[in-house]
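This report goes through the fold, the chain contact and the confidence of the structure shown below.

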Amino acid sequence: MATMEQTSNTPVIQISEKKKGESLWGESWKRLRRNRAAVIGGIIILLNIIAAIFAPVLAPQKFDRTNLPDNNATPAWVTQIFPNMKPKDQGGYVTISEKYPIGADNLGRDMLSRIIYGTQVSLLVAFIGPLVSIIVGLTVGMIAGYFGGATDNVLMRLVDLMYAFPTLLLIILMMTFFRTSFASPEPGTISYTLGQLDKETGGMILIFIGIGLTSWMQMARLVRGQVLSIRETEYVQAARALGATTPKIMISHILPNILGPLIVAETLTIPTYISYEAFLSFIGLGVNPPTPSWGSMISEGSKNISSYPNQAIFPAIALFLIMFAFNFLGDGLRDALDPRMRGRD
Amino acid sequence: MGQYIVRRLLWMVLVLFLISVVTFLLMRSVPGGPFAREKRLPEATVALLNKKYNLDAPLWQQYTSYIGDIVIPTVTYGKIKPNAAENYLLNVPLPAMFGDEAVLRWANFGPTFKSRSRSVNDIFRENLPISFQLGLAALIIALAIGMPLGILSALKRNTIYDYLGMGTALMGVSFPVIITAPILQYFFGVQLKILPVSGWGDIQSMIMPALALGFVNAAIIARLTRASLLQILGEDYIRTARAKGLPERVVIIIHALKNSLIPVVTVVGPLFAALVTGTFVVETIFGIPGMGRFFVTSITGRDYPVIMGTILLYAFFLIVTNLLVDITYAWLDPRIRYD
């Protein structure tokens, strides 16, 4: 590999005199660290991961503890940020209570705790959503690209058809389908087990499946394109000549060589998965209440944005921060792993 | 080209047919029916309702009669009475030689189960134009902000303008509508009180939703424009154009810009389809009576004709815009030929 690149590219001298024995990953890591925005993104994600893992310790209260007398209670500093929220003692309508760091929602639940627990949902979707789409997309793309011919044709037409479907509508339809059919009461069946598992996780399993099954097409196209070119290379032919079986060639010869672009492509789509989850929770097909999701919090909060703007704005900021973090980190990762993409020419 | 378009139109019919079959099967396999209420309706009532809406027929018959109502044109004579069951999208009066007050009627998308007096075509007529206006405004905003930003960043590449422009764009991508909408609403509606918090009907109430929708897409378009313009600027024919002494302005506008539009046009196509057929989040947050909510309420309420209607409408828009996009390619880049 290295010799091939050296003959075609010029910076041979540069490499040999400046960077001795620096591995590809080491160099990428260096490039990534130099990208300030990506580092900030990485730190935000790290903080989110910590918040998600230690949510039971960090959150001041349990996310589902309602306290009706305290509904819409707000600490004083929040009313100063949002000048339209006049406290009761100044002739307004807002109940002041310092018990809640950023306020309580309309059921008297602590918003900060709900936002902290909300990281769990967003992060799980961010990491498992791409996994589902990689598994499906990789399988379809590898089979289509490797076998070619009629198989390729059929699979790619299927991808075309899926593309013509409006993704969000398909997700809504599938989520409704899953939510109602997996509520089946007979124990022992697969759908019952899935339904129970879903209930245990607050409705998250079905979100992963729903999002993953509707966003694998791009991955399949990418993988197919890569496999098409790699299956003709000499080392694959050599492996075939040595008698390697088809699954062996696919998994140990082709897969490692297409992993790089795959990871970059998936990292860049993570924010899309996060916003899908937020959207699903917004329309009430996402996580089951009272599991907190930023999407459902924004949905609830935007209903009384005129009187209690903090109830929508704070979860919106949380959602923005994580989207921002993944976008900048993904962008930095792409630049670091694949410097050609920067268009240095 | 003509042959290509015909082939694409045939493919379009096939795709619409497949989508209608898949949607029909998928929606009918979802448990629960349109008349399942929390307070149970009497058995006999449900049976009557099912009979009225042809829901007691075998599935294949329901499908063929639904598609037949849309595809097969009919001719009626005499005055047309408003009737939810016979509401056609197209009504063309025929000349007198065909009979007395003969009207050719086409595309009946069926009734809505939730309202006895409204049909799916009523939704198309009343709610679609609202979404269409909003989507068009959002698209114009997205293009008006995104393209100049991308062009500027590409031309002033690796300068402070580029970093600022692309930083803004990357921020913009992190601002989905679900975030921008409440923030805009609070800032301009509640705090500054210069725009209505929600509602629809005048220009002022259109500004915020169009901005919220346009902003995130402007960011996507800016990044694409920059990347594609940068790539084009490195091409041989740009060097040739410069070498033969053309002014830089002409090189950029006539030679580079036109070709760099291809990837932009590729995303604008589906974006147009998505925006003009309605977007649930924006329409919900700003209380806009557009198509958006029917995408969600029809599915959760098992309103079968509305589900089919909205999905077919969206798919139709998507396929037609994709076809237009492909035709635009040939105009933008003469190297592209469809034979």
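Residues 24 or more positions apart make up 70% of the contacts in chain B with a separation of 6 or more. This is a predicted model. Of the 339 residues in chain B, 36% are buried. The C-alpha atoms of chain B occupy a box of roughly 80 × 55 × 40 Å along the principal axes.

Chain B contains 13 helices and 3 strands. One of the helices, α3 (residues 59-71) of chain B, spans 18 Å from its first C-alpha to its last, close to the 18 Å expected at 1.5 Å a residue. α3(B) is hardly covered, as the count of buried residues among its 13 residues is 1.

The strands of chain B form an open sheet in the order β1-β3-β2, with antiparallel pairing. At its edges are β1 (74-76) and β2 (90-93) of chain B, each of which pairs on one side only. From one strand to the next, the twist averages 30°. β1(B) and β3 (residues 103-106) of chain B run antiparallel and are joined by 3 bridges. Within this pair, T76(B) stands opposite V103(B) in β3(B).

The contact between the chains involves 37 residues from chain A and 40 residues from chain B. On the side of chain A that touches chain B, at least two residues each come from α8 (149-164), α9 (167-181), α14 (246-282), α15 (294-303) and α16 (310-337) of chain A. The largest share, 10 residues, is supplied by α16(A). By class, this side of chain A has 24 nonpolar, 11 polar and 2 charged residues.

| Element of chain A | Confidence in chain A | Mean pLDDT |
|---|---|---|
| helix α1 (residues 2-8) | lowest | 44 |
| helix α4 (residues 36-53) | highest | 91 |

Over residues 1-19 of chain A the pLDDT is below 50, and this stretch has 1 contact in the model beyond near neighbours in sequence. Residues 341-345 of chain A also stay under 50 in pLDDT. For residues 341-345 of chain A, the model has 8 contacts beyond four places in sequence.

Notes: Residues are numbered from 1 along each chain as its sequence is written. Chains are lettered from A and ligands numbered from 1 in the order in which they are written. This is a predicted model: local features need pLDDT of at least 70, side-chain atom pairs count only at pLDDT 80 or more; totals for chains, interfaces and linings use all residues. Helices (H or I, at least four residues) and strands (E, at least two) are DSSP runs, numbered from the N terminus. A residue is buried if 20 or more other C-beta atoms lie within 10 Å of its own, exposed if 12 or fewer, and partly exposed in between; C-beta atoms are placed from the backbone. Two residues are in contact if their C-beta atoms, placed from the backbone, lie within 7 Å. The expected span of a helix is 1.5 Å times one less than its number of residues. Two strands pair if DSSP finds at least two bridges between them. Axes are lines fitted to C-alpha atoms, for helices over the stretch in contact, and angles run from 0 to 180 degrees between N-to-C directions. Ala, Val, Leu, Ile, Met, Phe, Trp, Tyr, Cys and Pro count as nonpolar, Asp, Glu, Lys and Arg as charged, and the others, Gly among them, as polar. pLDDT is the predictor's confidence in each residue, from 0 to 100.
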